[in-house]
Amino acid sequence: MNQQVNIEFNMEECRSRAEMLFLERAGISGEGEKYENLRRSAWALLEEILDCIELRGSFSFYGDCRLSADDLIVSMGDGAEDVSLKCTAFQQFMPDSIEGIYAYGLTAGDLPLGDRSITEQLLGDFWGTAFVDAARENLMTEIGKEHPISEGFGPGFFGMDPMEISKLKLLVDFSKIGVKINESGMLLPQKSCSGILFKVNEKYDSLNEACEMCSGNRDSCCLCIFSKKGL
């Protein structure tokens, strides 16, 4: 494995962004007493769980990789077997637009929500996701300062099978940030994520936003109106 780098997050910056993401997604911005109560509960809950939110992240860079249709083949070096990641959207890229990949893992840690009300558990779930996404945006911003990067790809996005997480753990050591994978392929703690970012050049063309949540297959990607190959 290439050298792995641990990430230090600015908690205040991530909190500010997480609050914005939370409000966008939690559905509690309406008018009336009901929504006011929910907002008070949400911010009170955040203050209670904030000390338990521990943003940790780590990434590795691999410069020796190549694309073949919807397969990304990453050379591990030192005689180790190559790692192959499959994602439907990869077939849309020009192979010579890719100059390497960053494989990363992020977590917000364990949140104490098990003995709380259903409403608090739902609000806590939104908070955990918001902090993970804020940290991921922070990571992309920092790496993007060095050179152009792609969108973030990972299990469950852009047509990548969730079980590809078993390949990602070969590219980045999750144990360094206290994350494990259970038998069903879920990351633990649950508020964790992993994925890759491509280091790209001027030949790279970003995908349509509609592709991010795609669950299609190779054939459907070729025919899709949002796919560059489908146009």
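Which residue in β4 is the bridge partner of L67? I looked along the pairing and found that L72 is the partner of L67 in β4. I kept in mind while reading that this is a predicted model.

**Entry 1, the sheet around that pair.** I noted that β3 and strand β4, which covers residues 71-74, run antiparallel and are joined by four bridges.

I stopped at D78, which I located in the loop between β4 and β5. The phi of D78 is near 55°, a positive value although the residue is not glycine. I marked this down because most residues other than glycine have a negative phi.

I traced another open sheet, made of five strands in the order β1-β2-β6-β10-β7 with antiparallel pairing. Its edge strands are β1 (4-7) and β7 (149-153), each of which pairs on one side only. From one strand to the next, I noted a twist that averages 25°. Within this sheet I looked at strand β6 (residues 98-107) and strand β10 (residues 192-200), which pair in the antiparallel sense over nine bridges. Across that pairing I found Y102 opposite L197 in β10.

P189 itself lies in the loop between β9 (187-188) and β10.

I began with helix α1 (residues 11-25) and helix α2 (residues 33-49), which pack at an angle of about 145° with their axes 13 Å apart. I recorded the crossing of α1 with α2 as right-handed. The residues that meet there are R15, E19, F22 and L23 in α1 and A42, W43, L46 and E47 in α2. Sorted by class, this contact has five nonpolar and three charged residues, and no polar ones.

I then turned to α2 and α3, whose axes come within 10 Å and cross at roughly 65°. The crossing of α2 and α3 is right-handed as well. On the α2 side I listed L38, S41, A42, W43, L45, L46 and I49, which meet T119, E120, L123, G124, W127 and F131 in α3.

What volume does the largest pocket have? I read off about 520 Å³. Of the 24 residues that line the largest pocket, I noted P155, F157, L187, S192 and C193 as the closest to its centre. The elements that give two or more residues to this lining are α3 (118-144), β7 and β10. By class, I wrote down 11 nonpolar, nine polar and four charged residues for the lining of the largest pocket.

Note on methods
Residues numbered from 1 in each chain as written. Predicted model: local features only at pLDDT ≥ 70, side-chain atom pairs only at ≥ 80, totals over all residues. Heavy atoms only, no water. Pairing = 2+ DSSP bridges. Axes fitted to C-alpha atoms, helices over the stretch in contact; angles between N-to-C directions. 1 Å grid on protein atoms, 1.4 Å probe; cavity = no way out; pocket = protein on both sides within 12 Å on 5 of 7 lines; lining within 4 Å. Points joined across faces, edges and corners; volume = space filled by probe spheres on them. Nonpolar A, V, L, I, M, F, W, Y, C, P; charged D, E, K, R; others polar. Left-handed = near helix turned anticlockwise from the far one by under 90°. Contact = heavy atoms within 4.5 Å.
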